[in-house]
Amino acid sequence: MSLLDKLRELGISENLIKEIEKFRSQYPVDKEYESRIPVPTQFYYGSDVWEQAITAVLCGENLLLVGEKATGKNLFAENLAGVFNRPRWDVSLIGTDTFRAGEVTFRPGPVYTAAKTGGFAVLDEINMAKSEAMAVLHATLDFRRTIDVPGYDRLSLHPATRFIATMNYGYAGTKELNEALVSRFAVIRMPMISKESLVKLIKEHYPAIREAGANELAEVFL
């Protein structure tokens with residue numbers, strides 16, 4: 001079953017699914033980056049979260065997924081990239097200087113490459129990043145949609161590029177995000193998976209399991 005069929009099974013609006021198909025057609029992916037399009041082995045069950053996220057992406061928003069540990073934030077980010085048929089990068093660097101052919105040149109990192117090719121860039125645990133690193137992204141995440149590479153050039157983001165940030169609350173090494181940064185995202189609160197969805201997920205991966213066994217495993221997790 002395709003990811004779009006799974007969305008239909010969840011009851012996601014057919015109008016939203018048609019808009020996803022239009023997005024895919026409008027922004028084809030270069031063959032060089034097709035291998036980066038995720039093919040998720042697990043599906044995120046949560047229609048409200050899906051509808052919020054799909055609507056935000058279609059409106060050109062970047063996403064901030066917040067919630068407790070094990071609420072499926074990274075799984076959902078992977079699912080989103082798969083649904084929209086976008087190459088995905090886990091972000092660490094805009095780029096670095098490198099020595100090539102006798103001169104210093106710019107070597108693009110994940111942020112730059114995602115911005116140039118229309119990929120989905122996942123900023124995992126954004127509230128653990130250094131403030132100076134995030135400050136560089138302010139112009140990238142707001143209406144300007146540009147990246148200034150010091151000493152090189154300014155890059156305008158591909159129209160399909162989206163940034164998906166994730167964060168947990170209250171862990172060692174984390175900090176509060178400032179208001180200016182948060183305002184650059186559509187914030188989606190990720191709820192704990194329901195017992196019903198968890199049982200469905202277990203049975204999908206282990207079709208031979210007894211109903212009672214799947215329920216017991218779900219109870220242990222919850």
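An axis here is a line fitted to the C-alpha atoms of a helix over the stretch in contact, and the angle between two axes runs from 0 to 180 degrees between N-to-C directions. Keep that in mind for the helix pair below. The model is predicted.

Start with the whole protein. The secondary structure comes to 10 helices and 9 strands. The protein has 222 residues, and buried residues make up 46% of them. Now take the contacts between residues at least 6 apart in sequence. Of these, 73% join residues at least 24 apart. Several of the pairs below can be found by eye in the structure.

Look at two helices next. Helix 1 covers residues 3-10, and helix 4 covers residues 73-83. Their axes come within 9 Å and cross at roughly 115°. Angles from 65 to 115 degrees count as roughly perpendicular. Helix 1 and helix 4 are therefore roughly perpendicular to each other. Which residues make the contact? On helix 1 they are L3, L4 and L7. On helix 4 they are N79, G82 and V83. By class, this contact has 4 nonpolar residues, 2 polar residues and no charged ones.

Stay with helix 1 and find K6. This residue is found in helix 1. Is K6 buried or exposed? Its relative accessibility is 14%, and K6 counts as buried. The cut-off explains the label, because buried means under 20% relative accessible area. Leave aside the neighbours within four places in sequence, and K6 is in contact with M1, F43, Y45 and E204. K6 and V83 are 77 residues apart along the chain, and their C-alpha atoms are separated by 9.8 Å.

Move on to helix 4 itself. This helix is mostly covered, with 8 of its 11 residues buried. The buried residues are K73, F76, A77, N79, L80, A81, G82 and V83.

Just after helix 4 comes N85, with a positive phi of about 60°. Why point that out? Most residues other than glycine have a negative phi. N85 has its positive value in a residue other than glycine. N85 is found in the loop between helix 4 and strand 2, which spans 88-90. With a relative accessible area of 31%, N85 is partly exposed.

R145 has a phi of about 45°, although R145 is not a glycine. Its place is in the loop between helix 7 (138-141) and strand 6 (146-148). R144 lies in the loop between helix 7 and strand 6 as well. At 42% relative accessibility, R144 counts as partly exposed. Leaving aside neighbours within four places in sequence, R144 is in contact with H138, A139 and R184. R144 and S156 are 12 residues apart in sequence, and their C-alpha atoms are 8.2 Å apart in space.

S47 lies in helix 3, residues 47-58. S47 is partly exposed, with a relative accessible area of 29%. Which residues does S47 touch, leaving aside its neighbours within four places in sequence? They are L10 and I12. S47 and L10 are 37 residues apart along the chain, yet their C-alpha atoms are separated by 6.1 Å.

T117 is the other one. This residue is found in helix 5, residues 110-117. T117 is buried, with a relative accessible area of 15%. Not counting residues up to four places away in sequence, T117 touches Y33, R86, W89 and H158. T117 and H158 are 41 residues apart in sequence and 6.2 Å apart in space, C-alpha to C-alpha.

Finish with a pocket. The second largest pocket has a volume of about 210 Å³. Its lining includes Q42, F43, Y44, Y45, A70, T71, G72 and L75. I193, L198, L201 and F221 are also among the lining residues. By class, the lining has 9 nonpolar residues, 3 polar residues and no charged ones.

Key:
Residues numbered from 1 in each chain as written. Predicted model: local features only at pLDDT ≥ 70, side-chain atom pairs only at ≥ 80, totals over all residues. Heavy atoms only, no water. Helix = DSSP H or I, 4+ residues; strand = E, 2+ residues; numbered from the N terminus. Parallel < 35°, antiparallel > 145°, perpendicular 65-115°, else oblique. Contact = heavy atoms within 4.5 Å. Nonpolar A, V, L, I, M, F, W, Y, C, P; charged D, E, K, R; others polar. 1 Å grid on protein atoms, 1.4 Å probe; cavity = no way out; pocket = protein on both sides within 12 Å on 5 of 7 lines; lining within 4 Å. Points joined across faces, edges and corners; volume = space filled by probe spheres on them. Buried < 20%, exposed > 50% of the residue type's maximum accessible area, 1.4 Å probe, protein only.
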